[in-house]
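Here is a friendly walk through one model, with the cut-offs spelled out as we go. Please keep the viewer open while you read.

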Amino acid sequence: MVVGAGPAGAMAAKEAAARGASVLLVEKRPAVGSPVRCAEGIVTKDLLEFVTPDPKWVSAVIKRAKFTGPDGTGFLISGKSGDEVLGYTLDRKIFDRELVMRAADAGVEVAVHARAVPFVEGNRIAGAVIHQHGVSHTVRAKVVIAADGIESKFTKAAGIDTTVPLADLDSCAQYLVTDIDIDPEMNVFFWSNAECPHGYIWIFPKGQRTANIGIGIPGTMSGDGHRAKDYLDRYMEKHFPNGKVTELVVGGVSTCRPLSCTVADSLIVCGDAARMSDPFTGGGIYQALFSGQLAGRTAAETVAAGDCSKSALMVYDGAWRSSRMGKFLSRSYLIKDVFFRMDDTMLAEVIKSVPDLHLSEVTVPSVLAAMLKNNPWIAVKFPKLLLHRK
């Protein structure tokens with residue numbers, strides 16, 4: 001059984017079914033992919049690892065990224081020739097449904113508008129009580145994959161500590177804005193402690209004159225009159241006063257380290273439920289796809305082997321931690337910790353010093369390397385960063 005039909009859950013369900021497992025995918029909302037709780041951006045390499053881009057769920061092709069500091073100066077990132085595709089802005093409403101349809105094609109049974117409550121037997125998660133359309137019934141499962149997001153009930157029911165420090169829980173607000181002048185092929189990231197304290201503002205195009213414009217700030221920076229939406233409204237009034245808002249999304253994103261353990265007897269935790277969103281940017285689509293794929297494969301293999309104990313499932317926990325993704329999350333938390341200690345004067349100095357970059361692949365290490373090259377004092381002040389350039 002898989003709880004949650006986002007990218008992590010859909011990928012997990014498909015992978016398990018493709019390996020012969022009987023899979024039920026449960027989604028609490030009546031429609032997969034809606035409402036969207038995501039900035040919808042992903043870099044090219046990360047997307048191509050799992051699917052081929054399809055125009056029906058790609059809202060924008062991104063060829064440039066601009067990083068802007070508190071004083072308005074910054075640097076531009078583009079490909080080696082200037083025309084390579086660096087990433088995409090997805091239409092998650094369509095993308096998520098496509099992933100679920102692929103899971104269904106693989107043999108997964110899908111239940112929407114169905115609330116799953118952990119069914120605990122002894123000291124393990126033995127399945128779920130499903131409440132759907134006024135009817136409740138219990139479904140037993142040899143393995144439950146918890147892909148039920150940051151509020152995960154199944155993870156807590158298994159006795160796993162899911163506490164997120166307030167400083168590592170970002171409060172986010174995002175508008176879908178139309179009728180604005182933007183570069184439809186360029187993402188923009190704006191950093192300023194005055195205008196978005198210990199966080200950043202993003203502009204991700206979704207068409208010629210349309211974009212997701214959002215902000216994320218730590219919970220410790222939020223309060224009456226200075227909530228994420230308050231800062232976003234001030235930014236909009238200053239930069240896009242005539243923009244037309246057609247959607248509002250608000251929510252929380254964990255920017256902490258992943259859970260200390262992501263398995264229990266008969267349970268695997270993946271995606272946002274496992275606190276796998278990027279600590280620095282808050283992004284999580286790639287981590288959801290990767291961990292979901294690995295979770296589905298592991299579940300099918302352990303069920304086939306007849307051993308779904310925590311010790312047997314630990315192969316999943318070890319595999320993702322030693323992967324490129326696991327190392328990336330570890331590095332990203334350190335970079336976040338360093339970057340958000342800088343005041344606006346220091347932020348402006350660092351960002352201003354980086355020249356325009358022409359990279360074959362846009363990665364956190366490549367941008368970090370450029371910052372260190374132009375600001376050797378950063379490495380002196382924060383020597384641990386030297387361990388995370390590659």
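The notes below cover the sheets, the backbone and the cysteines.

This is a predicted model, in which local features need pLDDT of at least 70 and side-chain atom pairs count only at pLDDT 80 or more, while totals for chains, interfaces and linings use all residues. Residues are numbered from 1 along each chain as its sequence is written, and side-chain values use heavy atoms, leaving out hydrogens and water. Helices (H or I, at least four residues) and strands (E, at least two) are DSSP runs numbered from the N terminus. Two strands pair if DSSP finds at least two bridges between them.

**The three-stranded sheet**

- Strands β9, β10 and β11 form an open sheet in the order β9-β10-β11, and the pairing is antiparallel.
- At the edges are β9 (114-121) and β11 (135-140), each of which pairs on one side only.
- From one strand to the next, the twist averages 25°; axes here are lines fitted to C-alpha atoms, for helices over the stretch in contact, and angles run from 0 to 180 degrees between N-to-C directions.
- β9 and β10 (residues 124-132) run antiparallel and are joined by eight bridges.

**A114, a residue of β9**

- A114 lies in strand β9 and counts as buried at 1% relative accessibility. Buried means under 20% relative accessible area, exposed over 50%, and partly exposed in between (1.4 Å probe, protein chains only).
- Leaving aside residues up to four places away in sequence, A114 touches V26, E27, K28, I130, H131 and Q132; a contact here means heavy atoms within 4.5 Å.
- L90 is 24 residues from A114 along the chain, and their C-alpha atoms are separated by 26 Å.

**Backbone points to check**

- H113 is not a glycine, yet has a positive phi of about 50°. This histidine is found in the loop between β8 (109-111) and β9, and H113 is partly exposed, with a relative accessible area of 42%.
- H133 also has a positive phi, near 55°, and is a residue other than glycine. The loop between β10 and β11 holds H133, which is exposed at a relative accessible area of 62%.
- The peptide bond from S34 to P35 is cis, with omega near 0°. P35 has its place in the loop between β2 (24-26) and β3 (41-43).

- Another open sheet has eight strands in the order β17-β13-β16-β15-β14-β5-β6-β20, with mixed pairing.
- Its edge strands are β17 (244-254) and β20 (357-358), each pairing on one side only.
- Two bridges join β6 (residues 74-78) to β20, and these strands run parallel. Within this pair, I77 stands opposite L357 in β20.
- Helix α5 (residues 228-239) lies across β13 (169-178), β14 (186-190), β15 (200-205), β16 (210-218) and β17, and runs at about 35° to β13.

**Cysteines**

- How many disulfides are there? With a disulfide taken as a pair of cysteine sulfur atoms within 2.5 Å, the count comes to zero.
- C38 is in no disulfide, and the nearest cysteine sulfur, that of C172, is 10 Å away. C38 is buried, with a relative accessible area of 17%.
- C196 counts as buried, at 0% relative accessibility.
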